[in-house]
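This report looks at the aromatic rings of one protein chain. How is a pair of aromatic rings described?

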Amino acid sequence: TDIGTLSACDTVTEYIEYTIDDNISEVFFDNITVTRNSNNFLIGVYINNWYFSLIAPNELGTSYTSLDDGGTHMNFTFQENNENYHVLASNYGIEVNVNVLGENVGEYIDVNFIGDFPFSDTTRTIIGSTHVKIDE
């Protein structure tokens, strides 16, 4: 019996993933930029007016909220009813947990995040994670 050609996925080396409430997850595999200096790191992606960015201090195992004085900032886009919405989450208490903190180019930074933000007349919840390589 010939079952045709089987396809295999490429190995995923890095990603940014997040979900708003129970909606479909947004996942980015390409065009991810990661920089790190002596104080903080920046994770970002921008594709066709769709973006995610996170700046957080260089402290492994530390949990921050975007309202802390520690310099954590997060912005993201989500879609509802075929409309794109941009959220400056730095104004709300999104909790950011740094789980892996590479120091050199090619090493990984892993982050989980969760929190609520107001939208229209309700409160929405974002939950997500990153597994990204430092570019510079």
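## Aromatic pairs

Rings of Phe, Tyr and Trp (its six-membered ring) pair if their centres lie within 6.5 Å; planes under 30 degrees apart count as stacked, over 60 as edge-to-face and the rest as tilted. A pair of aromatic rings is described by the distance of the centres and the angle of the planes. By this rule, the count is 3 aromatic pairs.

The model is predicted: local features need pLDDT of at least 70, side-chain atom pairs count only at pLDDT 80 or more, and totals for chains, interfaces and linings use all residues. Residues are numbered from 1 along each chain as its sequence is written, and side-chain values use heavy atoms, with hydrogens and water left out.

## Tyr18 and Phe28

The ring centres of Tyr18 and Phe28 are 6.4 Å apart and the planes stand at 35°, so this pair is tilted. Tyr18 belongs to strand β1 (residues 15-20) and Phe28 to strand β2 (residues 26-28), so the pair ties together parts 10 residues apart in sequence. Strands are DSSP runs (E, at least two residues), numbered from the N terminus.

Buried means under 20% relative accessible area (1.4 Å probe, protein chains only). Tyr18 is buried at 0%, and Phe28 is buried at 7%.

## Phe52 and Phe113

Phe52 and Phe113 make a stacked pair, with 5.4 Å centre to centre and 25° between the planes. Phe52 is in strand β5 (residues 50-57) and Phe113 in strand β10 (residues 108-119), so this pair ties together parts 61 residues apart in sequence.

Phe52 is buried, with a relative accessible area of 1%; Phe113 is buried at 2%.

## The cluster

Tyr18, Phe28, Phe52 and Phe113 form one aromatic cluster.

Key. Helices (H or I, at least four residues) and strands (E, at least two) are DSSP runs, numbered from the N terminus. Buried means under 20% relative accessible area, exposed over 50%, partly exposed in between (1.4 Å probe, protein chains only).
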